[in-house]
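Please read it alongside the model.

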Amino acid sequence: MKTDANARAQSASPGIIARLAAIDDGAIIRVAFFALLVGTASVLYVDFRELALSEPPAVLPTLEPILPPAQPTEGDPAGRPMPSITTAPDLLEAPLAITLSAGGELKLTGSIDPGSAQRFADEIAARGEYVETVVLDSPGGSVMDALEIGALIQEKALATKVVAGNLCASSCPIIFASGAERIASPDAAIGVHQIYAASLGEGSADAIAVAGVAMADAQATTAQITRHLIKSGVDPAMWLHALDTPPDRLYYFSAEEMEELKLVTQVEQN
């Protein structure tokens with residue numbers, strides 16, 4: 001019996017081998033491919049189920065690049081030393097206050113918080129016929145609000161001014177550069193630094209995820225600022241100093257630089 005069984009097995013083996021050999025190589029590859037596809041689909045299904053059952057990720061925030069309100073600093077080593085600033089720190093830190101003074105001067109004092117542009121537009125709509133000059137004393141803040149304020153100043157052909165003892169830093173120079181006439185004291189503190197987007201905490205997954213978006217937004221905002229400066233007649237090279245200066249420092253312009261860059265059209269003697 002064993003001999004008969006062995007004989008049958010031996011006689012069957014060449015038949016199986018012959019049939020396998022007869023299979024087209026392309027068919028074998030297609031079978032292997034579909035098997036691999038099924039296996040991959042199974043793995044993806046398991047991963048999908050795990051994701052579906054896990055906590056949904058937090059919605060990534062929309063980051064608006066900003067120029068953070070800047071505390072007066074000693075400045076960048078390549079720039080001018082920090083000029084004397086006489087405005088009280090609490091006034092600079094407060095949300096932007098807009099007050100109309102004698103002589104057609106509209107004073108903007110404090111940080112450019114989100115919504116400042118709308119308050120400025122409301123003031124111009126209500127009493128714009130009395131306004132001739134926008135006087136600035138601000139550590140900066142929201143760059144988009146600064147651009148909107150600047151655009152309205154351009155539209156109305158208003159003058160801008162920074163007097164001795166006042167600060168115009170961060171995004172504030174964007175507003176100053178918008179004036180039809182740009183008046184500054186040689187002792188005015190006008191400084192710039194890099195665009196900054198608030199982080200979500202070092203090492204956090206969200207912070208890493210939005211880093212690329214924040215960088216793209218910052219570059220787009222820089223392009224907007226450059227176009228705005230060109231429209232104002234200011235040398236866009238002014239903004240190179242912002243790009244070179246870290247957010248925790250300020251590059252203060254000297255009176256000579258402000259004239260060379262066409263940032264000022266009139267130097268007001270003290």
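1. In α4, Ser116, Ala117, Phe120, Ala121 and Ile124 meet Asp145, Glu148, Ile149, Leu152, Ile153 and Lys156 of α5; contact denotes heavy atoms within 4.5 Å. Classified by residue type, the contact of α4 with α5 comprises seven nonpolar, one polar and three charged residues. Here Ala, Val, Leu, Ile, Met, Phe, Trp, Tyr, Cys and Pro count as nonpolar, Asp, Glu, Lys and Arg as charged, and the others, Gly among them, as polar. Helices (H or I, at least four residues) and strands (E, at least two) are DSSP runs, numbered from the N terminus.

2. This is a predicted model, in which local features need pLDDT of at least 70 and side-chain atom pairs count only at pLDDT 80 or more, while totals for chains, interfaces and linings use all residues. Residues are numbered from 1 along each chain as its sequence is written, and side-chain values use heavy atoms, with hydrogens and water left out.

3. The axes of α4 and α5 come within 8 Å and cross at roughly 25°. Axes are lines fitted to C-alpha atoms, for helices over the stretch in contact, with angles from 0 to 180 degrees between N-to-C directions. The two helices, α4 and α5, are therefore roughly parallel to each other, a label given to angles under 35 degrees.

4. Leu147 belongs to helix α5 and is buried, with a relative accessible area of 9%; buried means under 20% relative accessible area (1.4 Å probe, protein chains only). Leaving aside residues up to four places away in sequence, Leu147 touches Ile174, Gln224, Ile225 and His228. The C-alpha atoms of Leu147 and Ile174 are separated by 6.7 Å, although the residues are 27 apart along the chain.

5. The largest nonpolar core has 43 residues, of which Phe120 and Ile190 touch the most other members. A nonpolar core is a set of buried Ala, Val, Leu, Ile, Met, Phe, Trp, Tyr and Cys residues joined through side-chain atoms within 4.5 Å. The largest share of this core, six residues, comes from α5.

6. β5 and β7 (residues 189–192) pair in the parallel sense over three bridges; strands pair if DSSP finds at least two bridges between them. Cys168 has Ile190 in β7 as its bridge partner.

Notes: Buried < 20%, exposed > 50% of the residue type's maximum accessible area, 1.4 Å probe, protein only. Parallel < 35°, antiparallel > 145°, perpendicular 65-115°, else oblique.
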